[in-house]
Amino acid sequence: MGTRSVFLVGYDISDKTKRSAVLQEIKNYAIDGQKSAYECWLTSSESNSLHHFLADSIEFGDVACIINITRTYWQNLTKASSLYEPTP
């Protein structure tokens, strides 16, 4: 199994049937989300598969995106707070 990374997956699809199918597919990978934006923990292979699924599901005027998030807010916050810890 490949290394997993955090991705933000979002969509705006007008057709209700296609939108429901996309939502179900994304929820297979989602670790958190709201409405039409989900945080997903994906391998490279899963990311490619989801990309192709989204590309096949959208029509003119629809939008879908997968964004690789290299560092989350909490990872950056933890790193930044460690800079201010006093050294013994």
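Is glutamate 46 buried or exposed? With a relative accessible area of 17%, glutamate 46 is buried, where buried means under 20% relative accessible area, exposed over 50% and partly exposed in between (1.4 Å probe, protein chains only). The structure is a predicted model, in which local features need pLDDT of at least 70 and side-chain atom pairs count only at pLDDT 80 or more, while totals for chains, interfaces and linings use all residues. Residues are numbered from 1 along each chain as its sequence is written, and side-chain values use heavy atoms, with hydrogens and water left out.

Four strands form an open sheet in the order E2-E3-E1-E4, with antiparallel pairing. Strand E2 (30-34) and strand E4 (63-69) stand at the edges with a single partner strand each, so one side of each has no neighbour in the sheet. On average, neighbouring strands are turned by 20° against each other, direction ignored. Strands (E, at least two residues) and helices (H or I, at least four) are DSSP runs numbered from the N terminus, and two strands pair if DSSP finds at least two bridges between them. E1 and E4 pair in the antiparallel sense over seven bridges; in E4, isoleucine 67 is the bridge partner of leucine 8.

Next come the helices. H1 lies across E1, E2 and E3 and runs at about 170° to E1. The axes of H1 and H2 come within 10 Å and cross at roughly 175°. Here, axes are lines fitted to C-alpha atoms, for helices over the stretch in contact, and angles run from 0 to 180 degrees between N-to-C directions. H1 and H2 are therefore roughly antiparallel to each other, a label for angles over 145 degrees, whereas those under 35 count as roughly parallel, 65 to 115 as roughly perpendicular and the rest as oblique. Where the helices meet, Lys18, Ala21, Val22, Glu25 and Ile26 in H1 are in contact with Leu50, Phe53, Leu54 and Ser57 in H2, contact meaning heavy atoms within 4.5 Å.

The largest nonpolar core has twelve residues, among them Phe7, Val22, Tyr29, Cys40 and Leu50. Such a core is a set of buried Ala, Val, Leu, Ile, Met, Phe, Trp, Tyr and Cys residues joined through side-chain atoms within 4.5 Å. Strand E1 (5-12), helix H1 (16-27), strand E3 (37-42) and helix H2 (44-57) each supply at least two of the core residues. Tyrosine 29, a member of this core, is in contact with Glu39, Cys40, Trp41, Leu42, Glu46 and Leu50, leaving aside its neighbours within four places in sequence.

The structure also holds two salt bridges, each a side-chain nitrogen of Lys or Arg within 4 Å of a carboxyl oxygen of Asp or Glu. In one, glutamate 46 joins arginine 4, with the closest N and O atoms 2.5 Å apart. This pair links distant parts of the chain, since glutamate 46 belongs to helix H2 and arginine 4 to the segment before E1, 42 residues apart. Arginine 4 counts as partly exposed at 25% relative accessibility. The side chains of glutamate 59 and lysine 18 also meet in a salt bridge (2.8 Å, N to O). Glutamate 59 is partly exposed at 41%, and lysine 18 is partly exposed at 27%.

Lysine 35, found in the loop between E2 and E3, has a positive phi of about 45° although it is not a glycine. Lysine 35 is exposed, with a relative accessible area of 76%.
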